[in-house]
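The structure is shown first, and the notes follow by topic.

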Amino acid sequence: STGSALTVACWVKTDKAGQDDKWFVNRIFSGGTATGFRLGLYQGTLCFGLPLTDWSHHLRAAEPLPLGRWVHLAGTFDGQTMRVYVDGREQGRMERPGPVGASAFHLCLGSYEVDHSAHFEGLLDEVKLYARSLGADEIRAEYESMGANK
């Protein structure tokens with residue numbers, strides 16, 4: 001997964017608040033921490049990671065993840081700016097110029113074993129990866145079209 005643009009989108013549902021360091025779409029692991037991407041939860045909020053250097057550039061949403069219902073999440077990168085969206089609404093942005101570093105690791109969905117400290121407790125559905133940055137209107141349209149079925 002190299003290139004100058006990327007979108008990671010999915011639906012999640014959890015009843016557990018405050019989940020920290022939990023990654024449900026992950027391609028960043030020790031030994032390659034300046035490459036890849038990941039989407040998950042940090043201190044109970046959506047977090048999108050796209051490092052340039054070891055563990056750098058982790059963008060968090062402005063508000064905690066809603067609980068007890070399906071939530072649409074997305075992280076986008078257009079070659080200059082990272083953005084995170086919750087239920088079709090932008091909740092944060094961060095400047096990050098440069099391409100996405102190629103990762104030697106496999107893409108992990110749900111991330112980690114059930115007993116591992118970084119295991120996400122919840123449900124994951126409709127994971128989508130794009131080799132381009134979806135615009136705000138496209139993210140909102142995906143949330144609205146799929147949300148009726150959740």
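Two strands count as paired if DSSP finds at least two bridges between them. On that basis, five strands make an open sheet in the order 5-4-3-2-9, with antiparallel pairing. The model is a predicted one. A further open sheet, also of five strands, has the order 8-7-6-1-10 and antiparallel pairing.

**Overall fold**

- The protein chain holds one helix and ten strands.
- Read from the N terminus, its elements follow the pattern β-β-β-β-β-β-β-β-β-β-α.
- The radius of gyration is 14 Å, close to the 15 Å that the globule rule gives for 150 residues, so the protein chain is as compact as a globular protein of that length.
- Along the principal axes, the C-alpha atoms fill a box of roughly 40 × 35 × 25 Å.
- Among contacts in the protein chain with a separation of 6 or more, 60% are between residues 24 or more positions apart.
- Of the 150 residues, 46% count as buried.
- The protein chain exposes about 7,100 Å², and carbon and sulfur atoms supply 50% of that area.

- Strand 2 and strand 3 are antiparallel and pair over four bridges; Asn26 stands opposite Arg38 in strand 3.
- Strand 3 and strand 4 are antiparallel as well and pair over five bridges.
- Gly40 has Cys47 as its bridge partner in strand 4, and Leu41 stands opposite Leu46 in strand 4.
- The hairpin of strand 3 and strand 4 has two residues between the strands, and in this hairpin Gln43 takes a positive phi near 50 degrees.
- Four of the five residues of strand 3 are buried, so strand 3 is largely enclosed by the rest of the structure.

- Strand 1 (residues 6-13) and strand 6 (residues 71-77) run antiparallel and are joined by seven bridges.
- Val12 has Val71 as its bridge partner in strand 6.
- Helix 1 (residues 136-147) packs on the sheet and touches strand 1, strand 6, strand 7 (81-86) and strand 10.
- The direction of helix 1 makes about 30 degrees with that of strand 1.

**Nonpolar cores**

- In soluble globular proteins, nonpolar side chains tend to be buried together.
- The largest nonpolar core here has 23 residues, and Phe24, Leu39, Phe48, Leu50 and Leu73 have the most contacts inside it.
- Two or more residues of this core come from each of strand 1, strand 2 (22-26), strand 3 (38-42), strand 4 (45-49), strand 6 and strand 7.
- Strand 1 gives the largest share of this core, four residues.
- A second, separate core has five residues, among them Ala9, Tyr85, Leu134 and Ile139.

- Beyond residues up to four places away in sequence, Gln91 touches Arg60, Ala61, Ala62, Glu63, Val84, Tyr85 and Val86.
- Is Leu129 buried or partly exposed? At 41% relative accessibility, Leu129 counts as partly exposed.
- Apart from neighbours within four places in sequence, the contacts of Leu129 are Thr7, Val8, Val25, Phe37 and Leu107.
- The C-alpha atoms of Leu129 and Gly110 are separated by 15 Å, and the two residues are 19 residues apart along the chain.

Conventions
Residues are numbered from 1 along each chain as its sequence is written. This is a predicted model: local features need pLDDT of at least 70, side-chain atom pairs count only at pLDDT 80 or more; totals for chains, interfaces and linings use all residues. Side-chain values use heavy atoms; hydrogens and water are left out. Contact means heavy atoms within 4.5 Å. Axes are lines fitted to C-alpha atoms, for helices over the stretch in contact, and angles run from 0 to 180 degrees between N-to-C directions. The radius of gyration is taken over C-alpha atoms; the globule rule is 2.2 Å times the number of residues to the power 0.38. Buried means under 20% relative accessible area, exposed over 50%, partly exposed in between (1.4 Å probe, protein chains only). Accessible areas come from the Shrake-Rupley method with a 1.4 Å probe; for residues, only the protein chains shown count as cover. A nonpolar core is a set of buried Ala, Val, Leu, Ile, Met, Phe, Trp, Tyr and Cys residues joined through side-chain atoms within 4.5 Å.
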